[in-house]
Amino acid sequence: MKRGLLKAVFLGLLIFAFLPPASASSLVKVCPPVGIQARGATFEPGGIILTAFDRDSLWVYHVNADRRYPLPDTNPCGTNCHLSPDARWITYVNAFDQSYAKMRLDGTERTPLVPYAADVEWWSADTLLVWTPGRSAYLQPESGGERAYLDVQGVVAVQPGGYWAVLIRQDGDVFRRGLIDLEKRGLAGIAQPYFDLGEDVPYFDAAAWSPDGQWLAYVAPGTVDARLGIAGGEIFGVRPADGTRVQWTDLNADYGAVRINGRASGELSWSPDGARIAFWVIELLEANPEGKTGSAMIHILDITTGLVQAYCGFTTDEHTPNPPRLIWSPDGTHLALGGNVPGDDKGYLLLALDTATGIFTELSNGIYPTLGGPNPVAWGLAP
């Protein structure tokens, strides 16, 4: 069994070692000649954004109506509230008994899901992935029923609709990332596929599965910037179904060494159709990624063309340890985020970026920084 496992590991390394990276991405700056705009009477694409305007609960913001209100019996949540694949439901924690439930984005049709959990995700349209406080995990039909437990020791992210997972393992004095197949893990007589993704380096280890689970996008150090003596972050993609791995960005060619996002490792933001990835780019001015840097600017990668667009209309120096979270609209035309504009008295603004024009619009203000920052939670459809 051990010999077979080592052989599988070696083969996995070979698969990736001999695939050349994709051609370098091209970068285009999108810099409209206007600043942050005030919203009009309505705002397309409409829908509902969930965020927090105080420390006590989740809030609804009706985009078209420009109306907001708190949701009773809910706790503020960061990354532990998850939008359903159809963008019509959100998981949340019931503040009364700390159980997990789902509801429409306006707070209606509340339905219990799991009485006791650390997190509940949608694995598919009708199946939940439940993480227990002890870091075990199981699949369960949304309507209830038999649990299928997964061996998730060392696992940090499970493939939507599949059984590949990102594993962090210790290798001497460092930690390494890899992909394993949970269906085959621990089965006697079956070689365990393992695809090595390199050393897990803080500030250079963001990763996220595409909505359909076909691709894992992950950040890893790329080319060394000789001026700073550090390798900046680049975005790579791996498709475990056939072992394809590609390098999707060449940011070093445009900026030198950069940091992509922050210390939180799960915040590459895929568009709903799985064609684009939104992220922050922070130029490094010294070898320490927490030290002297430039401002953070939103970039969007199109994985089909390799085009990277940089949006100059809003930048932020509030990016360490983490920049603002980027949330896609259900139709994939806009990004929502929380941002602070120096010199005004509005606190953190709820901003929307039109990804076609590059124009930022102020939707509301006064977002309260809970659980990691002044971030929106989800942008979904109204009932």
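**Disulfides and their labels**

Student: Why is Cys312 called partly exposed?
Tutor: This is a predicted model. Cys312 has a relative accessible area of 27%. Buried means under 20% and exposed over 50%, so Cys312 is partly exposed.

Student: What makes Cys31 and Cys312 a disulfide?
Tutor: The sulfur atoms of Cys31 and Cys312 are 2.0 Å apart. The cut-off is within 2.5 Å, so the pair forms a disulfide.

Student: Which parts does the pair of Cys31 and Cys312 tie together?
Tutor: Cys31 lies in the loop between strand 1 (26-30) and strand 2 (37-38), and Cys312 in strand 25 (residues 307-316), so the pair ties together parts that are 281 residues apart in sequence.

Student: Is Cys31 buried, exposed or partly exposed?
Tutor: Cys31 has 44% relative accessibility. That value falls between the cut-offs of 20% and 50%, so Cys31 counts as partly exposed.

Student: How do you know that Cys77 and Cys81 form a disulfide?
Tutor: Their sulfur atoms are 2.0 Å apart, and the limit is within 2.5 Å.

Student: Why is the disulfide of Cys77 and Cys81 called left-handed?
Tutor: The torsion about its S-S bond is about -120°, so the disulfide is left-handed.

Student: What makes Cys77 and Cys81 count as buried?
Tutor: Cys77 has 10% relative accessibility and Cys81 has a relative accessible area of 5%. Buried means under 20%, so Cys77 counts as buried, and Cys81 is buried as well.

Student: How many disulfides does the structure hold, and what pattern do they follow?
Tutor: The structure holds two. With bonded cysteines counted along the chain, the pattern is 1-4, 2-3.

Technical notes:
Residues numbered from 1 in each chain as written. Predicted model: local features only at pLDDT ≥ 70, side-chain atom pairs only at ≥ 80, totals over all residues. Heavy atoms only, no water. Helix = DSSP H or I, 4+ residues; strand = E, 2+ residues; numbered from the N terminus. Buried < 20%, exposed > 50% of the residue type's maximum accessible area, 1.4 Å probe, protein only.
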